[in-house]
Amino acid sequence: MAEVFPDNLEELNNPLEIAAKVEEYELDSAPNMPMFPIPEEFSGDTDLETKYPLEALKEEFGENFKLLAGNEPGQIEKIRRIKLESDYLKHLTLEGAKTRWPNGTTPEIDERIEFELDTIKRMGFPGYFLIVQDFIAAAREMGVLVGPGRGSAAGSAVAYCLRITNVDPIKYGLLFERFLNPDRISMPDIDVDFDDVGRQKVLEWVTNKYRSEHVGHIITFNYHAPRSSIRDVARALEMPIPEANRLASMVPSDPGIRTFEKAYEASSDLRNERDKGSEDAKRVLRLADKLCGSIRSSGVHACGVIISHEPLREAIPVMSTEGESLLTTQYDGNFVESLGLLKMDFLGLKTFTVIKECVASIKEVRGLDIDIDAIPLDDEETMKLFQRGETTGIFQFESEGMKKHLRALMPSGLDDLVAMNALYRPGPMTHIERFINCKQGREKITYEHPLMEPYLNNTYGVTVYQEQVMLLARALANFSRGQSDTLRKAMGKKEARIMAELKSDFEEGCLANPEFMEPLKNNIKAAKEVVSKIWQNWEAFAHYAFNKSHSACYAYIAYQTGYLKANFAPEYMGAQISSEIGRPDKLAVFINEAISMGYEMLPPSINESGTTFLPEKMKDGKTGIRYGLAGIKGVGFIAAQSVVDERKENGPYKSFSDFLERQDSSVNKKAIESLILCGAMECLGVHRAALFDTLPKAMAAANSARKDKEIGQVSMFDIWETDTEVEAEAKDLNNTVPEMPRMEMLSAEKELLGFYVSGHPIARYESIVSCFQSVTEISEILSELEQQISENPVAGDMTEIRKRRRTSMRQVQFAAFISDISDRFTKDGKKWCVIAVEDRVSKFEIPVFPNTLSTLTADPVSQQALVKNKTVVFTAEIGINMRGNEASVTIISCMPIEMAPARLVKSIVLTIKQENVTTKTLNKLHQIIKNHPGKTPAQLVLQLDDDTDVVLTVGTELCILPDNQLITAVEDLIGKKSISYIVAPTG
């Protein structure tokens, strides 16, 4: 460079000079806890120097003294402060232990608490625990619901005593060293769940206590992945969007593929573009590869909060947060802890909002105070709910796969739920079948060594948790607490070097352990074989083994939600449905669940509904759930709250004009249209079409009346006070336009509410639908098959599978309403679909694979039937699928319900009541029959006033064509239930 730029030697030397001035350092600061105010009544008047002499501190803290205090000025005061906090923490812990174990602690509990307190003190973290328990206590005082804990913090007995967590770590075998390893100092990490409304209250409380300049958010960085890199480069190079999308779609959607190296390994199409594609494609991929892994954008961590001893600006680079007063760090969470700063996660969990609303509803409706943290953990009804797999709306347990496993497992206590929560994840899921078989006695429980039984007996011999590996390492090889946690961590991260060292230590420890060797009769060779087998099993499973502390906490929340659903179902379902307001798909799921549980969903009403979904006693004494106004699509929470508040303050709405005049601007035209179309205004005595038609004129009149009222003029609405005048208004409006067609009304209800209020569309065809099996009956058949499969699994045994398929297969005909059809495509582009079918009670989905779909669409009648929002008669086969692991429905053919009377009916009966027998009616009936000649035999039956049926003889055999025109004409003439059918038996 000097030869090229001989006149610029000074400029060439400047970068070297700058580089020489750059200081290399590591972010590895000692913990820097905020100052927790110790109450004066505890700390006393004695100064800390006198209270805690230097030599006494050195002896108490041992090797950790220098690490915590160092030699810098002022650091001795820091360790004295830690000692004071430690003493206060011990005081609070021992007081809490009296509450947690009211009958007294055991030596095991005392030893555990002492060990934990000593470890926390030596690591310098007592202030951390004091701060966390402080804001959790404040949260409870503010009425915020706090979770039982999450993650490894639940393994701490100290945290349990302080009510930071709510799961007994001694009872459930949770380990403190999974949280804090006594052999190495690392920052503790206590994540806390709050109800999602209360989370902000707690954050504001912390900000006020520690001051806003000490509290902040944590930045997050979003990195370029292969797909985003391709799209960004393609946009910069002005490549056509379709071509950019084509290239990007070649990257597999697996989230684990974060580099182009892995993307090329997984996608032959992408490799082909790199090697043989166009020059433009090659250039985009080459530049995208260079861009991949760089920072694309930044954001704010959803729940991470940092609290600093000194103002944040003095501790870490910060920036302002958009729309907030709190600052945000410019280092992400990985570096925040390296600086010794206190980081914690304040998480808002919707489930706790559901629990909180449910408990409040129980109080209001039943007058019962439920302490959700003190419910019995052996409630029979709760366990029955899990055994039946009725876990829709139950935290972490609501997937269909989980429901199937629960029905097979028949859990008998919280331990089983903890295990299922841990097992139902990619990897360990393969062990679920063995777990269930061992519990049910279908498979023998075995242990590689007798010492393993106490640690594996409550999981039926299956290693499920990381804690089990840690405890077994101690029992078998006398590993220390710290060693066992190092083993757990090395296994999880597959650290080969550390694993090799620990394997040697494990073998030596086992061979040196008399309790291990005794059952093997001190046979070294046999012992080594057992050790090798144990280690191999751990290596295979430990990568997937789950944190029991986390699983126990979340299974406990699941149990709490199950308890409420099992014992206070209407209140729980009302709260659960309300939590999904604004998410129509999820709202419909929980509404249908409530209906399937036997609770009537009462229609929305401007004079009866609350903002959310609430239980309501009906006239027959049963309990229903009243639809909340905020759940109506197009209304929203603010408008709903306004309608409800106005009604509570000034009484029910008397008329349409009364309603309109009393609303403010938050209840706009769109909201009112939604209230009309879903039927929420039918309580005013006016049908929907009339209200909708007069809405523009009525709104203008209401606006004018409000303005007159503001300037002191009396409007005509103010003098409408009598019921007669209100009724006159309703009558006048009803005469304006004809009523809305039924299917249009039902369609609007489904769109706005997620379910049908005024009746199900399938009810229109009740007489013919009743001749076939229902969706509910087919659902029951499928459930029975699923139960048989789970009780006697045959997966993998093809001979047994084929035998089961032959014996299980049956042909059925059922009538169903098609609520949805979603198209899918196989990898090679063949179309298939999933059909959602339902009746008034049940629903399920039918996958229609390519070959079946092509057969159905080739048939004009079946093709005509496969339409969304149509009632259809299906002929299908039900049985066990080809893999032998689940029940299946295969459609053979289908037809619109309107065709069923003419095609599937063996004979038809026309019943006329005695009160309708007139010459005119009989003549009209005769003419209808005469106009529809066919081949279907028919009978005329006279139903006398005493309900006696008399068959009428007409002289010759009566044969008709029962098409839609005849059915409609007959029902219009002699009544909706005047026709009944006899259907030919299936197949």
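Two strands count as paired if DSSP finds at least two bridges between them, and the elements themselves are DSSP runs numbered from the N terminus: helices (H or I, at least four residues) and strands (E, at least two). By that rule, strand β3 (residues 295-307) and strand β6 (residues 342-349) pair in the antiparallel sense over four bridges. Within β6, K343 stands opposite I306.

The model is predicted, so local features need pLDDT of at least 70 and side-chain atom pairs count only at pLDDT 80 or more, while totals for chains, interfaces and linings use all residues. Residues are numbered from 1 along each chain as its sequence is written, and side-chain values use heavy atoms, with hydrogens and water left out.

β3 and β6 belong to an open sheet of six strands with mixed pairing, in the order β1-β6-β3-β2-β5-β4. Its edge strands, β1 (191-195) and β4 (318-320), each pair on one side only. From one strand to the next the twist averages 45°.

An open sheet of three strands, also mixed in pairing, has the order β7-β9-β8. β7 (601-602) and β8 (614-617) each have a single partner strand, so one side of each lacks a neighbour in the sheet. β8 pairs with strand β9 (residues 623-626) in the antiparallel sense over four bridges; P615 has I625 in β9 as its bridge partner.

The number of disulfides (pairs of cysteine sulfur atoms within 2.5 Å) is zero. Two cysteines are buried (under 20% relative accessible area; exposed is over 50%, partly exposed in between; 1.4 Å probe, protein chains only):

| Cysteine | Relative accessible area |
|---|---|
| C358 | 0% |
| C510 | 0% |

How values were computed:
Axes fitted to C-alpha atoms, helices over the stretch in contact; angles between N-to-C directions.
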